[in-house]
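Let's take a walk through a protein model together, one set of contacts at a time. Keep the 3D view open and find each residue as it comes up.

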Amino acid sequence: MTAIATNEETDFTKNEFDVYEPKEGNLLEPEEINMVLVPLLAFDTNGYRLGYGKGFYDKYLASCREDCIKIGFSYFKPIDEIPEKHDFDLPLNYCITPQKVYVF
């Protein structure tokens, strides 16, 4: 996984996972990133998230600075606890829902 700097003029194309990615741009090293918007299916009251099962984001976030802010978005309230957490899972700092901003 890599991070590419974008702006309002950036062209995007859909990849094999149906995710839009920038066609070109400047590569950002993980240490340069201040904030990451992290996809999720669900999150718990401790800030851990249930993702898509491959650990791509958790592995990438582990290479970011410790003070990098991790934000999730969800349409739903948190569950009590994410089952089957892994040692490499990293909690979010915030999760935004239509009703509330959760701070962890």
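## Rings, strands and charges

Three residues, Phe-43, Tyr-102 and Phe-104, are linked into a cluster by ring pairs. Keep in mind as you look around that this is a predicted model.

How many aromatic pairs does a search of the whole structure find? The search gives 2. In one of them, the ring centres of Phe-43 and Tyr-102 are 5.4 Å apart and the planes stand at 65 degrees; because an angle over 60 counts as edge-to-face, that is the name for this pair. Follow the chain between the two partners and you will see that the pair links distant parts: Phe-43 belongs to strand β6 (residues 42-43), Tyr-102 belongs to strand β10, and 59 residues separate them. Both Phe-43 and Tyr-102 are buried.

Phe-43 also pairs with Phe-104, again edge-to-face, with 6.2 Å from centre to centre and 70 degrees between the planes. Phe-104 lies in the segment after β10 while Phe-43 lies in strand β6, so this pair ties together parts that are 61 residues apart in sequence. Are these two partners buried or exposed? Phe-43 has a relative accessibility of 1%, so it counts as buried. Phe-104, at 31%, counts as partly exposed.

Now let's turn to the strands. Strands of a sheet pair through backbone hydrogen bonds, and they can do this in a parallel or an antiparallel way. Here, 4 strands make up an open sheet with mixed pairing, in the order β5-β8-β9-β10. At its edges are β5 (35-38) and β10 (101-103), each of which pairs on one side only. On average, and with direction ignored, neighbouring strands of this sheet are turned by 20 degrees against each other.

Next come the charged side chains. How many salt bridges are there? The count comes to 3. Asp-58 and Arg-49 form one of them, with 3.9 Å from N to O. Asp-58 has a relative accessible area of 7%, so it is buried. Arg-49 is at 11% relative accessibility and therefore counts as buried too.

Compare that with the salt bridge between the side chains of Arg-65 and Asp-67, which has an N to O distance of 2.8 Å. Arg-65 counts as partly exposed because its relative accessibility is 29%, whereas Asp-67 counts as exposed at 51%.

Glu-81 and Lys-85 also meet in a salt bridge, at 3.6 Å from N to O. Glu-81, with a relative accessibility of 52%, counts as exposed, and Lys-85, with a relative accessible area of 33%, is partly exposed.

Stay with Lys-85 for a moment. Besides meeting Glu-81, Lys-85 lies over the face of Tyr-48, 4.8 Å from the ring centre. You can find another such contact at Lys-59, whose charged end sits over the ring of Phe-88 at 5.7 Å from its centre.

Key
Residues are numbered from 1 along each chain as its sequence is written. This is a predicted model: local features need pLDDT of at least 70, side-chain atom pairs count only at pLDDT 80 or more; totals for chains, interfaces and linings use all residues. Side-chain values use heavy atoms; hydrogens and water are left out. A salt bridge is a side-chain nitrogen of Lys or Arg within 4 Å of a carboxyl oxygen of Asp or Glu. Buried means under 20% relative accessible area, exposed over 50%, partly exposed in between (1.4 Å probe, protein chains only). Two strands pair if DSSP finds at least two bridges between them. Helices (H or I, at least four residues) and strands (E, at least two) are DSSP runs, numbered from the N terminus. Axes are lines fitted to C-alpha atoms, for helices over the stretch in contact, and angles run from 0 to 180 degrees between N-to-C directions. Rings of Phe, Tyr and Trp (its six-membered ring) pair if their centres lie within 6.5 Å; planes under 30 degrees apart count as stacked, over 60 as edge-to-face and the rest as tilted. A charge sits over a ring if NZ of Lys or CZ of Arg is within 6 Å of the ring centre and within 35 degrees of the ring normal.
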